[in-house]
Amino acid sequence: MAEKNHVKECETECVTVPAASCPCREVYEEGAALLAGMEDASLDARLLLEHFCGISTHRLLADPDLPVSAPEREAFLEGIRRRAAREPLAYILGEQIFMGLPFMVSPDVLIPEQDTENLVEEALRYLEDDSRILDLCTGSGCILLSLLRYSNGCTGTGTDISAPALRLAGENARALGLSGRCRWFQGDLFAALDPGVRFDLIISNPPYVPTVVIETLEPEVREAQPRLALDGGPDGLAFYRRIIREASGFLMIGGRLMLEIGHDQAEAVRTLLEEAGYYGIEIIRDYGGNDRVVTAVRSMKQRM
């Protein structure tokens, strides 16, 4: 009798009751409804479903009754609630694709944008094998690491005033297998560097939004992304003045300076470069037809 009771106890303890599940189509529609009215609500809901539940858009359409467990559904809906509160999708996913490469992102860094790919693509046109690259205001490291990934033998240095940003850049370098070709230094622009170091290319996407304009930006930008990476001073040109003035001390003669600019800043930045003695100044437009990149070459006349 005792033995039979023991068996019954064991059977009771070993019974596993499966968590309630819902069809993936139903879960997706629940999330999309919570994002109603937001731009790209359907796309965001599909991406969050794939991230939290492992269900791609193809599987969602092919098998709408595919079960989603209760924990997966709750994780998905928590992601939906964060997005509904205007947290950027990239921060929720923890990743942003840039130049075809995955970059880890967090609220410590600006989210890499497609416009900045124009800067990288133009820089790749000028890079030679074994070039030495300096990336100012590196953030996630997306510019420097993309250049290293798509070039031969180049090495790079990234500087940023933010220690958390540099830690993330280092993690991205390790994930892409590029740690041996780059170094990271904390400091305010060139202040992070030894005075004698020289580079073939200095590149930057510096903060360039005028201070008063920041409050007019979308909540995903003005509230979620680091203001330090956005605020370019009263006229948006504060960092350009500093970079253009100081870059010649770190750029080889004949070396190139490349900067991302705001759509209405081309002529102001061109004037700064001309006054500083650079030559070969070019303004390059993005795919939307907006001025996006300025490039110039250091002359022999500029001070070291």
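Analyst: The largest share of the pocket's lining, three residues, comes from strand S9. First, the ground rules. This is a predicted model, in which local features need pLDDT of at least 70, side-chain atom pairs count only at pLDDT 80 or more, and totals for chains, interfaces and linings use all residues. Residues are numbered from 1 along each chain as its sequence is written, and side-chain values use heavy atoms, with hydrogens and water left out.

Now the pocket. On a 1 Å grid over the protein atoms alone, a pocket is an open set of points where a 1.4 Å probe fits, with protein on both sides within 12 Å along at least five of seven lines; lining residues have an atom within 4 Å of a point. The second largest pocket has a volume of about 210 Å³, the space filled by probe spheres set on the points. Its lining includes Tyr126, Asp200, Gly254 and Arg256. Strands S8 (199-204) and S9 (251-260) each supply at least two lining residues. Strands here are DSSP runs (E, at least two residues), and helices are too (H or I, at least four), numbered from the N terminus. By class, the lining has four nonpolar, three polar and three charged residues.

Next, helix H12 (residues 238-247). Its buried residues (under 20% relative accessible area, 1.4 Å probe, protein chains only) are Phe239, Tyr240, Ile243, Ile244 and Ala247. Seen down the axis of H12, they fall within an arc of 120 degrees, so they line one face of the helix. The arc is taken from the directions from the helix axis to the C-beta atoms. These buried residues pack against S8 and S9, and also against strand S5 (132-136) and helix H13 (266-275).

How values were computed:
Nonpolar A, V, L, I, M, F, W, Y, C, P; charged D, E, K, R; others polar. Buried < 20%, exposed > 50% of the residue type's maximum accessible area, 1.4 Å probe, protein only. Contact = heavy atoms within 4.5 Å.
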